[in-house]
Amino acid sequence: MKIFVINGTEVKGCTYAIKETFLATLSGEHTVEEIYLPSACPEFCTGCKQCFYTDISVCPHKEYSMPIWQAISSADLLVFTSPVYVFHATAQMKALLDHYATKWMAHSPEKQMFKKQAVIITCAAGAGMGNVIKDIGDSLKYWGTARVYRIKQSLFDSDWERVSEKRKGSVIKQSREIARKIKPTDRVTPSIGIKLRFFIMKSAQKMIHNDLLKKGQPETRDHIYWQSNGWLNGGKPWK
């Protein structure tokens, strides 16, 4: 299994320790590639919309964004980590995800995403973890990621060495539970929620296209993309 890890901070603290704990619970042969933000992608999306007009390959920050997306596309398991910063994911994580808006289901999702699994890992001294999961989870779900799991833990400390054994034990338990859920790629199917989102977006594509036809306007790039994949004529990005 090919694992790609996106760390939302370069600090190797509690979130890093939880990520290492999870990876250690995975059985079988696997390779791990990791990046750390913001150094792996130090640029903010400028809203130029070139990715919508053409593709992410023309992004002004393609030297950073393209290799990361290629790694996302080729991985079997995605792992996103972020501690809680002011009740949300790190700014550098949000800055990265902004570069891939055109890969959302409403636009041009990639077929392979519908067979991928992902794990979101977050922790905090107190609260805010739900917001982190939503910040990252929104992109994962709208990319079409088949299965998204989460590991979250309140630590009541910012130093892993001082975290209680009970809370560390909870991290180990969660990690093992998620590890058992991770399936071989050929056995992964999208969740009901992902399938529902796909069919809603399919209906939206048809409605927008019909409206443009009535107005005598050209079809959108998104509609052409969906049509070319056969998704508007009964096809699906999963078996």
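Let's start with a charge: Arg197 sits over the face of Tyr142, 5.0 Å from the ring centre. "Over" here means that NZ of Lys or CZ of Arg is within 6 Å of the ring centre and within 35 degrees of the ring normal.

Quick housekeeping. This is a predicted model, where local features need pLDDT of at least 70 and side-chain atom pairs 80 or more, while totals for chains, interfaces and linings use all residues. Residues count from 1 along each chain as its sequence is written, and side-chain values use heavy atoms, with hydrogens and water left out.

Now, how many aromatic pairs does the structure hold? There are 14. Rings of Phe, Tyr and Trp (its six-membered ring) pair if their centres lie within 6.5 Å; planes under 30 degrees apart are stacked, over 60 edge-to-face, and the rest tilted.

Trp104 and Tyr142 are a stacked pair, because their centres are 4.8 Å apart and their planes at 10°. They're 38 residues apart in the chain: Trp104 is in the loop between α4 and β4, Tyr142 in helix α5. (Helices are DSSP runs of H or I, at least four residues; strands are E, at least two, numbered from the N terminus.)

Buried or exposed? Buried is under 20% relative accessible area, exposed over 50%, partly exposed in between, with a 1.4 Å probe and protein chains only. Trp104 is partly exposed at 27%, and Tyr142 is partly exposed at 23%.

Next, Phe198 and Trp238: centres 5.2 Å apart, planes at 75°, so edge-to-face. Both are buried. They also belong to a cluster linked by ring pairs, with Phe114 and Trp226 among the other members.
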